[in-house]
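User: I would like to learn how to read strands and salt bridges in a model. Please start with the terms, then show me the case.
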Amino acid sequence: MVRLLGLVAALMLMGDRLLIADDVVDASTLQRKVLCGYQGWFRCPNDPAKQGWRHWSRDGRKITPETLTFEMWPDLSEADDDEKYPAPGFMHADGQPAYLFSSAHPKTVDRHFRWMQQHGIDGVFLQRFLVEAHSPAVDQVLANVQQSCRQTGRVMGLCYDLSGAAKETLYDKLVADWKRLVDEKHITNDGRYLHHNGKPVLFIWGFYSDRFGPELAHKIIDFFKNDPKYGVTLVGGCQWYWRTEKGAEWAKVFRRFDVISPWNVGNSTSINGQRHAATGSWQPDLEECQRSGMKFLPVIYPGFGWTNLQGPKAAKDNLPRLGGEFFWKQFSTASELGVDMAYVAMFDEVDEGTAIFKVRNSPPTPGHFATYDGLPADWYLRLTSEGTKLIRGERTNQKTLPIKP
């Protein structure tokens, strides 16, 4: 009987799935977590959102080699027929039609989260662009992510992206949307919503000194840090060079977050003739965080490319993945510095070639797509798994790749 009770205690019902308790991620703290950005912005014709080819094509009504806006073709070999959307005109080498996915389809989102569960990835910061927060499809994706977190034992936090929002109305729209999610959607009462120091974690991205003034930045911080009902543990996403900001008031802004996450995607340096993510600022950033009473959440990314999105001239911006060395070097550096949390950019971002989920090494034609250079489709999921262990202190740090294909 004692052994039976112990077995029952070791199991937890999450959604309609029974999980081992050890496989349910602790939602009470940000520490020792690796969370992936999850865009969730992909749409297809005839999906539940009915918004056309969003984030696959610059023309929602059609998808052609000339309208493509994404860099990598997702691997849908595990997808069921009812979650695959045919991309007219695109064919695989064997003559089979090519398909894309929609983030509005709950089965697809659930599949992504099961990949996270299988690889020991803690969860996501779900991106919520303020300029489209009013869209029912955005709430639909939020509901999909919440359900998938419950099904797989992952955690989630919300990340507002302020890009493109008019500064005159930004504050009112941001506060109103958060209040609605708290009061009507009860988002922070969800057992899978991430908390830290007893408060829900909210990531607000877009604190750039050339986008709006410090007065607005202070106003946002004042509300989200101090409101007795809607207050949060605030993660501020900002310019990577935040520490050297010359403006006195912006310098104060950058030291008021609970957690700071300087955006590092595209910030690179040359090491032995190869381009790598620039991490030389991380140690002084970490030291300044400690002086200012903030936590440091570094952004780790696997590479970069956006030639389909921006055109052939953008090839100069490409940052090759180097078989995973580009990615792993950042995890290793974070571990050396004693950093105990990290933000991976991103899980599903094929638009700018930063995705870590499964993509095809043999994409369809026509068109030009980046690949994983013959490495397994789950290679970057596996590397993120090892990086998570490193951040948690569960494996020994090493400079070289920790796994083999």
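Analyst: Two strands pair if DSSP finds at least two bridges between them. Helices (H or I, at least four residues) and strands (E, at least two) are DSSP runs, numbered from the N terminus. Here, strand β3 and strand β16 (residues 341-344) run parallel, joined by four bridges. In β16, Y343 is the bridge partner of L35.

User: What kind of model is this, and how are residues numbered?
Analyst: This is a predicted model, where local features need pLDDT of at least 70 and side-chain atom pairs count only at pLDDT 80 or more, while totals for chains, interfaces and linings use all residues. Residues are numbered from 1 along each chain as its sequence is written, and side-chain values use heavy atoms, with hydrogens and water left out.

User: Which strand do four bridges join to β3, besides β16?
Analyst: Strand β6 (residues 123-129). β3 and β6 run parallel too. In β6, G37 has F125 as its bridge partner.

User: Is β3 buried or exposed?
Analyst: Buried means under 20% relative accessible area, exposed over 50%, partly exposed in between (1.4 Å probe, protein chains only). Six of the six residues of β3 (residues 33-38) are buried, so the strand is largely enclosed by the rest of the structure. K33, L35 and G37 point one way from β3. V34, C36 and Y38 point the other way.

User: Now salt bridges. How many are there in the whole structure?
Analyst: Side chains of opposite charge can pair when their charged atoms come close. The criterion is a side-chain nitrogen of Lys or Arg within 4 Å of a carboxyl oxygen of Asp or Glu. A search of the whole structure finds 31. One of them joins D59 and R61, at 3.2 Å from N to O. D59 is buried at 16% relative accessible area, whereas R61 is exposed at 74%.

User: Which residue forms a salt bridge with K295?
Analyst: D340, with the closest N and O atoms 3.5 Å apart. K295 lies in strand β14 (residues 295-296) and D340 in the loop between α9 (325-336) and β16, so the pair ties together parts 45 residues apart in sequence. K295 is partly exposed at 28%; D340 is buried at 18%.

User: Where do E336 and K399 lie?
Analyst: Their side chains meet in a salt bridge, 2.4 Å from N to O. E336 is in helix α9 and K399 in the segment after α10 (379-392), 63 residues apart. E336 is partly exposed at 49%. K399 is exposed at 57%.

User: Which residues are linked in a network of salt bridges?
Analyst: D80, D82, E83, K107 and R111.
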